[in-house]
Protein chains: 2
Amino acid sequence: MARPREFDEDEVLRAASELFWSAGYAATTMDAMAAATGLGKGSLYGAFGDKRRLFHRVFDAYCADIVNGVSRQLEGPDDEAFGRLCAHVRAVAASTAADTARRGCLLAKGTAELSEHDADVAARSRQTFQILQEALTVDIQAAQRHGDIDPAADPRRLADLVLAVLRGIEALGKAGTDQEALRAIAETALSVLPRSPDATTPANGQESPLIGPGSSRAPSPHPPSSL
Amino acid sequence: MARPREFDEDEVLRAASELFWSAGYAATTMDAMAAATGLGKGSLYGAFGDKRRLFHRVFDAYCADIVNGVSRQLEGPDDEAFGRLCAHVRAVAASTAADTARRGCLLAKGTAELSEHDADVAARSRQTFQILQEALTVDIQAAQRHGDIDPAADPRRLADLVLAVLRGIEALGKAGTDQEALRAIAETALSVLPRSPDATTPANGQESPLIGPGSSRAPSPHPPSSL
DNA sequence: GGTGTTATGGACCGATTCGTCAACAAGAGA
DNA sequence: TCTCTTGTTGACGAATCGGTCCATAACACC
């Protein structure tokens, strides 16, 4: 019983995300936001409230996307759990290495810029990492059941370590660490995980990459991950 | 043969660092900077140029401090190299855990906010991580010579992994991960490093913390690290 | 004391900031 | 077609931004 909206909310949020993502929160102007989304400022404010609320919408959606993507990547049967973990770690390294614009990850960027002064952002990012940690824990437990990871190891602590390595890869990638080094970190992290004595799933098709010439690496073409 | 400055440049840079550190670059106003440093805007611009140049000064000094601190922590005889590595990793976790204000690390924050659009910041942060990696490599090589770390492992790759874990701890700390978990990540990372079969230096005074109840941890009071 | 040089402080400037508002447009129901 | 509700637009406003400028101050040297 009123005039319908002329824009698609998801599309606008996507455009807003791009802008916040590349410029950061403080450096993004609402005029630029209006230009990027194609909306007038009135529509923008009418639909999303102020700048902070718009960022929260964008940030929440981004976190949800990450959680969904990672959960989907790590879900599956026990006998492929270790392979999924390897694939995920490699995918993060590959996508970070592929980010030649060094835009990094909005989750990391937003957390770094705002978590100190914005409790909502801090809570959301903390919750996101918690969920990622749980997904990794579940996968590691599956790998333990299947005999790929030492069942005596604490799966939660391994998951925390893997998550830290992943975030470290992201941080180093933003600093400009070269692609080979990023991929090598992923391989090293995987090779250092405590394996079952009778593990059947290899980390990759080669010898343990930690020992021997460090330059040879698997080609491993992975789908880009938005993390 | 002219009027001398009334301020101490290092003190002003410290105050400027505090401000950039807690608010970020874009959200810091030069009026607030003048207030925080006690200088008039004329003096501020006369002494340091514009906002960007001032940030570069602050950022460079911060990176230099980190490099100096870490280098000092990791220097020493071979027989204590592994102990120094453990102490350093624990110190970073402890200082991140102690950062209840979640201000994080200016290197990480500045890199996240600016490296995409400021080549100088990107180069400086990349160089800083490179130096840290080399310091870790040298220390790990020493630990290998002394027989604490598997001499067959590639020390550079282990150093990259440790560096990634350290940056991951920082990132997770800023997201609000609790102190126990941060310390546990440090312990887990140390415990998965490939040890020499006849290693003499224990990672700590307990059994391997990765196996068994994950809640018990060493007290380990470390001096705060500015990282 | 005079002079030359640099430091200081804050008034000031044009540009830009976030957010508002009023005039107008587009549909749904009567 | 008229009304009512909501969406759209960009001009607008008050505040703030980074940066400049100038009157004044403080020294070193003569």
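These legends describe close-up views of a predicted model. Local features need pLDDT of at least 70, side-chain atom pairs count only at pLDDT 80 or more, and totals for chains, interfaces and linings use all residues. Residues are numbered from 1 along each chain as its sequence is written, with chains lettered from A and ligands numbered from 1 in the order in which they are written.

**View 1. Helix H7 of chain B and the glycine that follows.** Helices are DSSP runs of H or I with at least four residues, numbered from the N terminus. H7(B) covers residues 119-145, 27 residues in total. From first C-alpha to last, H7(B) reaches 39 Å, close to the 39 Å expected at 1.5 Å a residue (1.5 Å times one less than the number of residues). B:Gly147 follows H7(B) and has a positive phi, near 85°.

**View 2. The largest nonpolar core.** Such a core is a set of buried Ala, Val, Leu, Ile, Met, Phe, Trp, Tyr and Cys residues joined through C-beta atoms within 7 Å. Buried means that 20 or more other C-beta atoms lie within 10 Å of the residue's own, with C-beta atoms placed from the backbone. The core has 130 residues, and A:Ile185 and B:Ile185 have the most contacts inside it. Helix H8 of chain A (residues 155-175) gives the most, twelve residues. Leaving out residues up to four places away in sequence, B:Ile185 touches A:Asp160, A:Leu161 and A:Ala164, plus B:Ala93, B:Val165 and B:Ile169.

**View 3. Where chain B meets chain A.** Contact means C-beta atoms, placed from the backbone, within 7 Å. Chain B contributes 50 residues and chain A 51. On the chain B side, H8(B) gives the most, 15 residues. That side has 27 nonpolar, eleven polar and twelve charged residues. Nonpolar here means Ala, Val, Leu, Ile, Met, Phe, Trp, Tyr, Cys and Pro; Asp, Glu, Lys and Arg are charged; the others, Gly among them, are polar.

**View 4. The axis between the copies.** A 180° rotation with 0.0 Å of shift along its axis superposes chain B on chain A, RMSD 0.1 Å (least squares on C-alpha atoms of residues with pLDDT of at least 70 in both). This is the relation of a two-fold axis. Within chain B, B:Gly168 comes closest to the rotation axis, its C-alpha at 2.0 Å. Both copies use the same surface: 100% of the contact residues of chain B recur in chain A.

**View 5. The surface near DNA strand C.** H3(B) supplies the largest share, five residues. By class, the surface has ten nonpolar, six polar and nine charged residues.

Note on methods: Helix = DSSP H or I, 4+ residues; strand = E, 2+ residues; numbered from the N terminus. Buried ≥ 20, exposed ≤ 12 C-beta atoms within 10 Å, placed from the backbone. Contact = placed C-beta atoms within 7 Å.
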